[in-house]
Amino acid sequence: MSTITKKWDEKKIRDIIRALDEKTGLNGAAYPIRLTEYQSDVLSCLGCFMAVGKNKGFKFAIDYFNDPFTKEAEVIDIIRHEYAHYYTDTVQLYRYINYSHSERSHGDAWKWACIMVGAEPKRYHDVESFKDKNWSIDEAKAAYRADDVPEFNIRRAIRFGGSLTTNAKKLSWILLNDKMG
């Protein structure tokens, strides 16, 4: 079970999204958040971000989040995974990073966004990745605050730079030397 969260709800999820917004300069916390049951949902997904339509916003499987065997690190990664979709769609990141129609939702642009927001850049949730992640109270609080996420105003970077790198060394240098954010 969670280190500091005994029961997940919309407010706690929105707080994590708000912390990511503070790092990215975006406003994902303004979007609706729907909480569903994992198996009863038509799409049967742990999380989802819809950029358009009547279901616009975030959706999360609250029963999975509150399962006693689900770790806090897993939940935060799922939220960040969906935030990376929001990030990619909001700034049309695929226009600035290698783009393929066949990989738009989980392609290079989305993987770049995952790295930027501290999510594992994997298409599907992998429970095995989290089996050894047993956070202390301090580590869990840091994840809630997105302390591990670099502050980087993507809109400003695009406006001044025009394109983005997927090279890890170049990206690290940009983040360390970002005077724009």
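This is a predicted model: local features need pLDDT of at least 70, side-chain atom pairs count only at pLDDT 80 or more; totals for chains, interfaces and linings use all residues.
How many of the 10 residues of helix 4 are buried?

Residues are numbered from 1 along each chain as its sequence is written, and side-chain values use heavy atoms, with hydrogens and water left out.

Let me begin with the overall arrangement. The chain has 7 helices and 3 strands; helices (H or I, at least four residues) and strands (E, at least two) are DSSP runs, numbered from the N terminus. Along the sequence, these elements follow the pattern α-β-β-β-α-α-α-α-α-α. Of the 181 residues of the chain, 44% count as buried, where buried means under 20% relative accessible area, exposed over 50%, and partly exposed in between, with a 1.4 Å probe and protein chains only. Among contacts in the chain with a separation of 6 or more, 68% come from residues 24 or more positions apart; contact means heavy atoms within 4.5 Å.

The 3 strands form an open sheet in the order 1-3-2, with mixed pairing; two strands pair if DSSP finds at least two bridges between them. Strand 1 (33–36) and strand 2 (47–50) each have a single partner strand and stand at the edges, so one side of each is left without a neighbour in the sheet. From one strand to the next, the twist averages 15°. Here axes are lines fitted to C-alpha atoms, for helices over the stretch in contact, and angles run from 0 to 180 degrees between N-to-C directions.

Strand 2 pairs with strand 3 (residues 57–61) in the antiparallel sense, over 4 bridges. Within this pair, Gly47 stands opposite Phe60 in strand 3, and Cys48 has Lys59 in strand 3 as its bridge partner. Helix 1 (residues 10–24) touches strand 1 and strand 3, and its direction makes about 135° with that of strand 1. Helix 3 touches strand 2 and strand 3, with its direction at about 15° to that of strand 2. The hairpin of strand 2 and strand 3 has 6 residues between the strands, and in this hairpin Gly53 takes a positive phi near 90°.

How do helix 1 and helix 3 meet? Their axes come within 10 Å and cross at roughly 50°. Helix 1 and helix 3 are therefore oblique to each other; angles under 35 degrees count as roughly parallel, over 145 as roughly antiparallel, 65 to 115 as roughly perpendicular and the rest as oblique. On the helix 1 side, the contact is made by Ile13, Ile16, Ile17, Leu20, Asp21 and Thr24, and on the helix 3 side by Ile76, Ile79, Arg80, Tyr83, Tyr86 and Tyr87. By class, this contact of helix 1 with helix 3 has 9 nonpolar, 1 polar and 2 charged residues. In this scheme Ala, Val, Leu, Ile, Met, Phe, Trp, Tyr, Cys and Pro count as nonpolar, Asp, Glu, Lys and Arg as charged, and the others, Gly among them, as polar.

Ile79 counts as buried, at 0% relative accessibility. Leaving aside its neighbours within four places in sequence, Ile79 is in contact with Trp8, Ile13, Ile16, Ile17, Phe60 and Phe65. Ile79 and Gly47 are 32 residues apart in sequence, yet 7.1 Å apart in space, C-alpha to C-alpha.

I return to helix 4. Of its 10 residues, 7 are buried, so helix 4 is largely enclosed by the rest of the structure. Those buried residues are Ala109, Trp110, Trp112, Ala113, Cys114, Met116 and Val117. Helix 3 (residues 72–90) packs against helix 4 (residues 108–117) at an angle of about 125°, with the axes 8 Å apart. That makes helix 3 oblique to helix 4. The contact of helix 3 with helix 4 has 10 nonpolar, 3 polar and 1 charged residues. Just after helix 4, Gly118 takes a positive phi of about 80°.

Finally, a remark on backbone geometry. Most residues other than glycine have a negative phi. Ala146 has a positive phi of about 60° although it is not a glycine. Ala146 lies in the loop between helix 5 (137–144) and helix 6 (154–161), and at 1% relative accessibility it counts as buried.
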